[in-house]
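This report describes the chains of one assembly, the contacts between them and the nonpolar core.

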Amino acid sequence: MKKITAYSRITDSLVILNGKPCEITFSCEPGPGRLAEIYRFLESGYPKFFKMDNLSKAGFLASEMVLRSLHYDMESPDESTAVVFANRSSSLDNDKRFQETISREDYFPSPAVFVYTLPNIVTGEVAIRNKILGETSFFILESFDAEKMMIFVDWAFASAGTRRVLCGWTEYLDGHCDVLVMMVEKESDQGVDYNKQNINNIYIT
Amino acid sequence: METLILDLKKQIIEALNLEDITPDDIDTNAPLFVEGLGLDSIDALELIVLMEKQYGIKLEDPGKSKEIFRSVATMADYISKNRKK
Amino acid sequence: MKVYVTGFGIISALGMGAGPTLGALFNRQSGVGPLRWLETMHSHLPCAEVPFSTQELRNMAGVAQDKIITRTALMGILALREALEMALWNEHKPLDPVLISGTTVGGMENSERFFMDFISPDTSHDKYILAHDCGVCTQMIADHCGHFDMLSTLSTACSSAANALILAADMIRTGRASTAVAGGSECLSRFHLNGFNTLKILDKDPCRPFDNTRAGLNLGEGAAYLVLESEESAKARGVKPICLLSGYGNACDAYHQTASSPEGDGAVLSMTKALKEAGLSPQQIDYVNAHGTGTANNDESEGKALMRMFGADSVPPVSSTKAFTGHTTSAAGSVEAVISIMALLHDFLPANLNYSNPMEMLSFIPVTDEKPLRPLSHVMTNSFGFGGNDTTCIFSKI
């Protein structure tokens, strides 16, 4: 029976792991600064975090929380975990930044910024950090939709070798963060049942 | 040259998003890539942009840039001889 | 459950439709050349533009002048219509049709053209903002082609269209749909032309995949869609299947945001998965349409992966067709799937253009002679996207 064995939620004001708010006090306004504060709070020890765009940072942090809570082995290559994320704004938050670097007055396109003008780089960052070699994908939806997310998760499970799917809604635009990441496991006796109602309950927390 | 080296370290930190690193943390003669700061291929491309943006030096071939970007010292040396800004 | 291909459509620098595409492949006529439509300071870079202006595409698609539409959507409409016609869509409507489309650029070429207007007090061009979104692009394509029960948009860089195919196939195999149309569309934009240029992976000359002197890729644009159905659906609709999508696999290279691992680990995984899914051994693959972008990194990484996969002395005929179509980015997976299917049906090997010098670290050379040594039964196509997103599809004769 499929179960949601861990989940995290990061919004403009809240950081929640498995239903419990994290005891983090923000010193700055909602925006990229808070992502840095969450990173330091988690003590991830991964300086490459600071090269990422805001979307990747947000998805990375939510994934860190979920994977660390499950004591996920990040050293061994793992083909049995898939990573499937979705959002509404694609990489628009960072696309705007890249557009600024190619505006006529100051023509210096930034390669490091261009790298993140693709929404699926966040799945790549999570995979690199945790040596995940399974299926990865990224979908664009009009809004958070638990039913559609379940189709994408089921797609990942359709592959015989997939035992776990790290899936989520990773929306970040103009300083506003709306992220939910959860681990869905094919066979587990821990966690909550994997169904539309539970996913929606987690989202509206 | 001392001023150039200090400025260059600050510019590298900013251009490459090297959080929690100060100019004092960067050894002027240490390798920038693989060891030392452990920069990668995208960082190398950003350093090419930095050279043009800050010093007006255009480097077209990433392969030839390997020697120039070996360390902060080699970068500063190249800049002092070729800068247009 | 078997997944059948019952229709396909394509538009690229080789022209509109399967016929002109096949002709260009047979006659070794590359679509790479000087830019004609995209206004950019980088006009010296060879690209593979679809040989029609946006107005011509609008006329061909029959979209009214007052309708907001993007070049990406127009190409998608034309390719999708061809696919649906081939699959006798309107004559025998499917029960629960799904459309899955891959794109990254979406309406970017409009947005960048009107960007300065958007941020000025002049609001006359603000309506074009509505066309920017990737999901809206899929909606526009669907709106001009027919009814679909479900639309989905996928964005995984250069493996987007290939991943759309495998999502569609999985939906059919798991009983969520009986008919699913999948593919992708992407037009050129200044945004990503500048981006690839700043990564220094664009060749100033026509690209040379798998050549020892290769110096990068040429960007292209295009769209392609495949109609996939279950056996039951094809029978019920009275459509003759064209071939099978017999196997597919997706895996993550987990090495770097944009570069592939030196030994092609992700590619080996995706090819292995696809073969396993198809129930085939490596020796049964008759042709591989490689991702083969012409960059130093990809061709070495993919070349080594092919050697690991098939054995250094038994790599099947391999070619990259990106010297024909350019790198069509999000559409590449379906553009090259259509090319692979046409190779399968016509028993020919698309040539690897602009090749002269064997790569020193590889044991094989790419296809230079279109005549295969044996009829083709199974062909494999690779599409690798930034983010380490590696996808392989296998098409088989029925």
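Helices (H or I, at least four residues) and strands (E, at least two) are taken as DSSP runs, numbered from the N terminus. The model described here is predicted.

## Chain A

On that basis, chain A contains seven helices and eight strands. Its C-alpha atoms occupy a box of roughly 60 × 35 × 35 Å along the principal axes. The radius of gyration of chain A is 17 Å, which agrees with the value near 17 Å that a compact globule of 205 residues would have.

Buried residues account for 50% of the 205 residues in chain A. Of the contacts in chain A between residues at least 6 apart in sequence, 68% connect residues at least 24 apart.

## Chain C

Chain C has twelve helices and eleven strands. Its radius of gyration is 20 Å, close to the 21 Å given by the globule rule for 398 residues, so chain C is as compact as a globular protein of that length. The C-alpha trace of chain C spans about 65 × 50 × 40 Å along its principal axes.

In chain C, 64% of the 398 residues are buried. Among the contacts of chain C that link residues at least 6 apart in sequence, 80% join residues at least 24 apart.

## The nonpolar core

The largest nonpolar core comprises 213 residues, and the members that touch the most others are Leu165(C), Ala168(C), Ala182(C), Ala224(C) and Leu228(C). Helix 6 of chain C supplies the largest share of this core, with ten residues. At least three residues of the core come from each of domain 1 (3-237) and domain 2 (247-396) of chain C.

Ala168(C) illustrates the packing around one of these members. Residues up to four places away in sequence being left out, Ala168(C) touches Val98(C), Ile100(C), Ala180(C), Ala182(C) and Leu228(C).

## The interface between chains A and C

Contact between these two chains involves 34 residues of chain C and 34 residues of chain A. On the side of chain C that touches chain A, the elements giving two or more residues are helix 5 (134-143), strand 4 (150-154), helix 6 (160-173), helix 7 (190-198) and strand 7 (243-252) of chain C. The residues on this side of chain C comprise 13 nonpolar, 18 polar and three charged.

Strand pairing also links the two chains: strand 5 (residues 136-140) of chain A and strand 4 of chain C pair in the antiparallel sense over two bridges. Phe139(A) has Leu154(C), in strand 4 of chain C, as its bridge partner.

## Lys131(A)

Lys131(A) is located in the loop between helix 5 (121-130) and strand 5 of chain A. A residue counts as buried with 20 or more other C-beta atoms within 10 Å of its own and as exposed with 12 or fewer. Lys131(A) has 17 C-beta neighbours inside 10 Å and therefore counts as partly exposed.

Neighbours within four places in sequence aside, Lys131(A) is in contact with Met74(A), Glu75(A), Ser76(A), Pro77(A) and Asp78(A), and with Ala254(C). The C-alpha atoms of Lys131(A) and Glu79(A) are 8.8 Å apart in space, while the two residues are 52 residues apart in sequence.

## The interface between chains A and B

Eight residues of chain A are in contact with eight residues of chain B. On the side of chain A that touches chain B, six residues are nonpolar, one is polar and one is charged.

How values were computed
Residues numbered from 1 in each chain as written. Chains lettered and ligands numbered in written order. Predicted model: local features only at pLDDT ≥ 70, side-chain atom pairs only at ≥ 80, totals over all residues. Contact = placed C-beta atoms within 7 Å. Nonpolar A, V, L, I, M, F, W, Y, C, P; charged D, E, K, R; others polar. Pairing = 2+ DSSP bridges. Rg over C-alpha atoms; globule rule 2.2 N^0.38 Å. Core = buried A, V, L, I, M, F, W, Y, C linked by C-beta atoms within 7 Å. Domains from an automatic or database assignment.
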